[in-house]
Amino acid sequence: MSSLLLSRGGTYLYGSVFKTHILGCPCVMVSSPEAAKFVLSTRAHLFKPTFPASKERMLGKQAIFFNQGDYHGKLRKLVLRAFMPKAIKNIVSDIETIATNSLHSWVGRSINTFQEMKSFTFNVALLSIFGKDEVLYREDLKRCYYILEKGYNSMPINLPGTLFHKSMKARKELAQILAKIISTRRKLKHDHSDLLGSFMGDKEGLTDEQIADNVIGVIFAARDTTASVLTWIFKYLGENPSVLEAVTEEQLVIVRSKEECSGQDKALTWADTKKMPITSRVIQETLRVASILSFTFREAVEDVEYDGYLIPKGWKVLPLFRNIHHSPDIFPEPEKFDPSRFEVAPKPNTYMPFGNGTHACPGNELAKLEMLVLLHHLTTKYRWSMMSAQNGIQYGPFALPQNGLPIRLSTKT
Ligand code: HEM
């Protein structure tokens with residue numbers, strides 16, 4: 001069997017599908033759109049998601065990412081219900097308040113863009129999970145989550161004093177806070193259209209532990225990802241003045257149209273965010289160039305044949321998003337930041353910043369919405385300068401401009 005392994009005619013296949021070893025583990029790297037679709041979508045049941053055991057312990061093994069089959073399908077339905085356009089339409093003005101407060105607090109200071117974006121995206125994540133009700137618990141949730149995240153990449157040694165141990169303690173405290181919120185909601189019996197409401201309202205019923213694992217999981221999935229993309233947008237707009245000018249002009253048209261409608265509420269609406277095609281293309285192009293999730297991990301649950309090659313059971317399979325997004329055959333001059341390339345829709349399965357298939361990102365609409373709202377206020381009211389030339393990339397674990405992109409922000413006169 002192993003002679004057939006990723007080989008045809010006795011030679012290993014290089015190119016779009018090839019074999020390698022990472023940390024002693026045999027892996028199949030997949031960098032063609034067709035093969036990525038096969039693994040993530042058409043034959044997704046043959047490839048289960050796989051993560052380090054320590055991550056599973058911290059987020060909770062019943063979180064959506066680690067599961068397959070009926071339980072996964074049920075969670076997905078509940079998560080999508082809370083994050084589809086119909087549900088998040090109602091929180092545009094609350095996101096706007098978070099954005100304007102954040103921007104205001106950065107004025108005149110040297111800031112680490114990534115750190116501040118994390119704070120913005122964390123607040124939006126809490127809003128989408130708990131609505132506005134649980135303001136009382138926000139600081140405690142924040143405190144515990146910040147301790148928890150310090151342990152994500154630590155050695156999984158659960159002894160007093162270690163980062164991992166502190167992290168696990170914070171994880172327990174988070175679950176207790178969530179149990180308190182859930183019990184209060186059960187007593188009050190109000191309907192909630194946020195994510196917690198969706199988890200609690202399900203007729204089949206999730207246990208408190210399942211809800212806790214998934215709330216913590218969604219915070220994890222929502223915060224650093226969106227914050228990294230926003231950080232890259234600050235960099236690319238800063239380096240491309242003509243693109244920044246076009247975005248600013250598009251956003252000013254919306255500001256002016258609101259000023260003309262005297263007496264009406266000036267808050268941004270869902271409809272306003274649909275009038276931002278240039279800004280949306282900047283987001284699309286940033287997602288492509290930065291490809292903050294360079295790849296994802298799967299594991300073959302049985303021997304699988306693909307295009308005449310055999311992928312043995314237990315082998316890891318890595319769809320390489322970044323390689324697909326940076327292929328010159330698909331995106332000419334791939335290293336160039338050029339939002340106009342998205343004036344034409346990309347070919348199917350060639351663009352997947354939010355993944356593909358059964359585990360594709362259910363939070364993508366919310367991520368795009370919060371970025372559009374922040375960019376609306378950023379470009380119309382503020383200017384920023386980068387503190388020094390920042391050309392390096394660091395991984396934490398998502399791709400990020402070096403040192404989190406230190407900048408200075410000031411108001412436009
Ligand atoms: C720009 C920001 C974001 C990017 C680039 C991103 C990207 C991704 C990708 C590529 C996946 C699929 C991973 C895989 O197949 O292994 C994923 C899954 C997921 N994302 Fe996002 N994401 C972002 C923001 C968000 C937000 C804001 C939320 C929640 C509000 C969210 C919630 C999730 C969840 C729950 C999953 C797991 C889905 C499942 O396993 O069925 N993400 N994301």
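Where is Asp307 found? Asp307 turns up in the loop between strand E8 (304-306) and strand E9 (309-311), and its phi is near 50°, a positive value in a residue other than glycine. Keep in mind that you're looking at a predicted model.

**The iron atom**

- Cys361 is the only protein donor of the iron atom of the ligand, and its SG atom is at 2.3 Å.
- To find Cys361, go to the loop between helix H14 (321-325) and helix H15 (364-381).

**Helix H13**

- Helix H13 covers residues 277-290, and at 1.5 Å a residue its 14 residues should span 20 Å. Its end C-alpha atoms are 20 Å apart, so expectation and model agree.
- H13 is largely enclosed by the rest of the structure, because 10 of its 14 residues are buried.
- Among those buried residues are Thr279, Val282, Ile283, Leu287 and Val289, but also the charged residues Arg281, Glu285 and Arg288.
- What do the buried residues of H13 pack against? Their partners are helix H10 (208-239), helix H11 (241-260), H14, H15 and strand E13 (399-401).
- Arg288, one of the buried residues of H13, has its charged end over the ring of Phe331, 5.2 Å from the ring centre.
- Just after H13 comes Ser291, with a positive phi of about 35°.

**Helix H8**

- Helix H8 (residues 163-188) has 26 residues, which should span 38 Å at 1.5 Å a residue. The distance between its end C-alpha atoms is 38 Å, so this one agrees too.
- The buried residues of H8 include Phe164, Met168, Ala170, Leu174, Ile177, Leu178, Ile181 and Ile182, along with Arg171 and Arg185.
- The cover over these buried residues includes H2, helix H6 (113-130), helix H7 (135-150), helix H9 (195-201) and H10.
- Lys189 follows H8, and its phi is positive, near 55°.

**Aromatic rings**

- The structure holds 14 aromatic pairs. One of them is Phe51 with Phe66, an edge-to-face pair with 4.9 Å from centre to centre and 85° between the planes.
- That pair links distant parts of the chain, 15 residues apart. Phe51 is in the loop between strand E5 (47-49) and helix H2 (53-59), while Phe66 is in the loop between H2 and helix H3 (69-83).
- Phe51 counts as partly exposed because its relative accessibility is 33%, whereas Phe66 is buried, with a relative accessible area of 13%.
- Trp232 and Tyr236 form a stacked pair, 5.5 Å centre to centre with 20° between the planes. Both lie in helix H10, 4 residues apart, about one turn of the helix.
- Trp232 is buried at 4% relative accessibility, and Tyr236 is buried with a relative accessible area of 9%.
- Phe51, Phe65, Phe66 and Phe220 form one aromatic cluster.
- The charged end of Arg223 sits over the ring of Tyr146, 5.3 Å from its centre.

**Nonpolar cores**

- The largest nonpolar core has 95 residues, and Phe130, Tyr145, Phe199, Val215, Phe234 and Leu374 touch the most other members. H10 gives the largest share of this core, 15 residues.
- Phe234 touches residues including Met117, Leu374, Leu378, Trp384, Leu405 and Ile407, not counting residues up to four places away in sequence.
- Another core, of 19 residues, lies apart from the largest one, and Ala35, Val304, Phe321 and Ile324 are among its members.

- Is Glu299 buried or exposed? Glu299 is buried, with a relative accessible area of 16%, and its place is in strand E7 (residues 298-300).
- Leaving aside neighbours within four places in sequence, Glu299 is in contact with Leu46, Phe47, Lys48, Thr50, Gly314, Trp315 and Lys316.
- Glu333, in the loop between H14 and H15, counts as exposed at 56% relative accessibility.
- The phi of Glu333 is near 45°, a positive value in a residue other than glycine. For context, most residues other than glycine have a negative phi.

How values were computed. Residues are numbered from 1 along each chain as its sequence is written. This is a predicted model: local features need pLDDT of at least 70, side-chain atom pairs count only at pLDDT 80 or more; totals for chains, interfaces and linings use all residues. Side-chain values use heavy atoms; hydrogens and water are left out. Donors are N, O and S atoms within 2.8 Å of the metal (3.2 Å for Na, K and Ca); water is not among the atoms, so sites may look incomplete. Helices (H or I, at least four residues) and strands (E, at least two) are DSSP runs, numbered from the N terminus. The expected span of a helix is 1.5 Å times one less than its number of residues. Buried means under 20% relative accessible area, exposed over 50%, partly exposed in between (1.4 Å probe, protein chains only). Contact means heavy atoms within 4.5 Å. Rings of Phe, Tyr and Trp (its six-membered ring) pair if their centres lie within 6.5 Å; planes under 30 degrees apart count as stacked, over 60 as edge-to-face and the rest as tilted. A charge sits over a ring if NZ of Lys or CZ of Arg is within 6 Å of the ring centre and within 35 degrees of the ring normal. A nonpolar core is a set of buried Ala, Val, Leu, Ile, Met, Phe, Trp, Tyr and Cys residues joined through side-chain atoms within 4.5 Å.
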